[in-house]
Amino acid sequence: KRLGNIIVSTEPQEADVYLEGVHRGKSPVRIDNLLIGDYNLKIEAEKYIPLNQWVKVEENKDLTYDLTLSMRNFVLENYFKALHDIIIKNARLQCS
């Protein structure tokens, strides 16, 4: 079999690392003996925007991915949620 490895480091550290939807641990994490090819990598951490990225696994190589997550903007999220709720409420009033 043609296999390779990836090493995933993140900022912040201790982020959850998923490869093809399967939790592989918290960063930094090394994932060994993967068939060569492209994989979907997802990184999640509390208070950060989840990151999805394609990563490549190459034969007999250790490929390192250093990824930085962006902080979520809770003020902006709450504003848009409130705006959405107002729009939905007004639409329901107009339909009744």
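User: Which side chain does the side chain of Glu-58 make a polar contact with?
Analyst: Lys-61, at 3.0 Å. Keep in mind that this is a predicted model.

User: Where is the place of Glu-58?
Analyst: Glu-58 is in the loop between E6 and E7.

User: What else is Glu-58 in contact with, leaving aside neighbours within four places in sequence?
Analyst: Leu-3, Gly-4, Ile-36 and Leu-63. As for Asp-38, its C-alpha atom is separated from that of Glu-58 by 9.0 Å. Those two residues are 20 apart along the chain.

User: New topic. How many residues are in the largest nonpolar core?
Analyst: The largest nonpolar core has 18 residues. Those with the most contacts inside it are Ile-6, Val-8, Leu-19, Leu-41 and Ile-43.

User: Which strands each supply at least two residues of this core?
Analyst: Strands E1 (3-11), E2 (16-19), E4 (29-35), E5 (37-44), E6 (51-57) and E7 (62-68).

User: Take Val-8. What is Val-8 in contact with, leaving aside neighbours within four places?
Analyst: Val-17, Ser-27, Pro-28, Val-29, Leu-41, Ile-43, Tyr-65 and Leu-67.

User: Ser-27 is in that list. Where is the place of Ser-27?
Analyst: Ser-27 is in the loop between strand E3 (22-26) and E4.

User: Why does Ser-27 count as buried?
Analyst: Because its relative accessibility is 0%, and buried means under 20%.

User: Which side chain does the side chain of Ser-27 make a polar contact with?
Analyst: The side chain of Thr-10, at 2.4 Å. Beyond four places in sequence, the contacts of Ser-27 include Pro-12, Gln-13 and Glu-14.

User: And Thr-10, where does that lie?
Analyst: Thr-10 lies in strand E1. Thr-10 counts as buried, because its relative accessibility is 8%. Not counting residues up to four places away, Thr-10 touches Ala-15, Ser-27, Ile-43 and Leu-67.

User: Switching to charges. How many salt bridges does the count come to?
Analyst: The count comes to 8 salt bridges. One of these is between Asp-16 and Lys-26, with the closest N and O atoms 2.9 Å apart. That pair links distant parts of the chain: Asp-16 is in strand E2, Lys-26 is in strand E3, and they are 10 residues apart.

User: Is Lys-26 buried, exposed or partly exposed?
Analyst: Partly exposed, because its relative accessible area is 40%.

User: What does Glu-44 meet in a salt bridge?
Analyst: Lys-42, at 3.0 Å from N to O. Glu-44 counts as partly exposed at 25% relative accessibility, and Lys-42 also counts as partly exposed, at 28%.

User: Which residues are linked in a network of salt bridges?
Analyst: Arg-30, Asp-32 and Asp-62.

User: Which residues form a nonpolar patch on the surface?
Analyst: Leu-76, Tyr-79, Phe-80, Leu-83 and Ile-87. Together they have about 500 Å² of accessible area. Tyr-79 is in helix H1, which covers residues 74-95.

Definitions and conventions:
Residues are numbered from 1 along each chain as its sequence is written. This is a predicted model: local features need pLDDT of at least 70, side-chain atom pairs count only at pLDDT 80 or more; totals for chains, interfaces and linings use all residues. Side-chain values use heavy atoms; hydrogens and water are left out. A nonpolar core is a set of buried Ala, Val, Leu, Ile, Met, Phe, Trp, Tyr and Cys residues joined through side-chain atoms within 4.5 Å. Buried means under 20% relative accessible area, exposed over 50%, partly exposed in between (1.4 Å probe, protein chains only). Helices (H or I, at least four residues) and strands (E, at least two) are DSSP runs, numbered from the N terminus. Contact means heavy atoms within 4.5 Å. Patches are made of residues with over 30% relative accessible area and no salt bridge: like charges are joined within 9 Å, nonpolar side chains (Val, Leu, Ile, Met, Phe, Trp, Tyr) within 5 Å. Accessible areas come from the Shrake-Rupley method with a 1.4 Å probe; for residues, only the protein chains shown count as cover. A salt bridge is a side-chain nitrogen of Lys or Arg within 4 Å of a carboxyl oxygen of Asp or Glu. A polar contact is a pair of N or O atoms within 3.5 Å; within protein, one must be able to donate a hydrogen and the other to accept it, and residues adjacent in sequence count only if both atoms are side-chain atoms.
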